[in-house]
Amino acid sequence: MMNALSKHAKAWIFNEPVDPKKLQINDYNDIIKKPMDFGTIKENLKKHYYRSMRQFIEDVELVFRNCYMYNGETAQVSLMCKEVQDEYIKQCETLNIGFYITDIECEDHK
């Protein structure tokens, strides 16, 4: 799933941590209390950090929530986020993630 998401044409914005200094968004860490990105998730997977599928899914969905929270629903970056999130939802359905997680569903922000 992470390989497919990372390769999505619009996912480049999520492949590494947000750099507030570089992007000149000094309030980012005031608004986003738990930053998350696909690169960090991939590293966590390599290190066997996730003890359950639920932890993994929560981090993936956190990437999307953080984007919407900081940028709003209609910003250009949020529109890109929506496209990547749609791919994520397709991946969840294709991989039947619900089979592995009984008490959480893949978010759908349509």
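This is a predicted model: local features need pLDDT of at least 70, side-chain atom pairs count only at pLDDT 80 or more; totals for chains, interfaces and linings use all residues.
View 1. Follow the sequence and the pattern reads α-α-α-α-α-α-α. Helices (H or I, at least four residues) and strands (E, at least two) are DSSP runs, numbered from the N terminus. The radius of gyration is 14 Å, close to the 13 Å that the globule rule gives for 110 residues, so the protein is as compact as a globular protein of that length. That radius is taken over C-alpha atoms, and the globule rule is 2.2 Å times the number of residues to the power 0.38. Along its principal axes, the C-alpha trace spans about 40 × 30 × 25 Å. Buried residues make up 38% of the 110; buried means under 20% relative accessible area, exposed over 50%, and partly exposed in between (1.4 Å probe, protein chains only).

**View 2. Here is the largest pocket, with a volume of about 460 Å³.** Of the 19 residues that line this pocket, the closest to its centre are Ile13, Glu16, Val18, Asp19 and Leu23. A pocket is an open set of points on a 1 Å grid over the protein atoms alone, where a 1.4 Å probe fits, with protein on both sides within 12 Å along at least five of seven lines; lining residues have an atom within 4 Å of a point. Grid points are joined across faces, edges and corners, and the volume is the space filled by probe spheres set on the points. Helix H2 (20–23) and helix H5 (53–71) each supply at least two lining residues, and H5 gives the largest share, 5 residues. By class, the lining has 13 nonpolar, 2 polar and 4 charged residues. Ala, Val, Leu, Ile, Met, Phe, Trp, Tyr, Cys and Pro count as nonpolar, Asp, Glu, Lys and Arg as charged, and the others, Gly among them, as polar.

View 3. Histidine 48 has a positive phi of about 55 degrees although it is not a glycine. At 69% relative accessibility, this histidine 48 counts as exposed.

**View 4. Asparagine 96 is found in the loop between H6 and helix H7 (97–100).** Asparagine 96 has a positive phi of about 55 degrees, and it isn't a glycine either. With a relative accessible area of 43%, asparagine 96 is partly exposed.

**View 5. Glutamine 91 has its place in helix H6 (residues 76–95).** Its relative accessibility is 16%, so glutamine 91 counts as buried. Leaving aside neighbours within four places in sequence, glutamine 91 is in contact (heavy atoms within 4.5 Å) with Met1 and Ala4.

**View 6. Proline 35 is in the loop between helix H3 (28–31) and H4.** At 44% relative accessibility, proline 35 counts as partly exposed. Beyond its neighbours within four places in sequence, proline 35 is in contact with Tyr28, Asn29 and Asn66.

Key. Residues are numbered from 1 along each chain as its sequence is written. Side-chain values use heavy atoms; hydrogens and water are left out.
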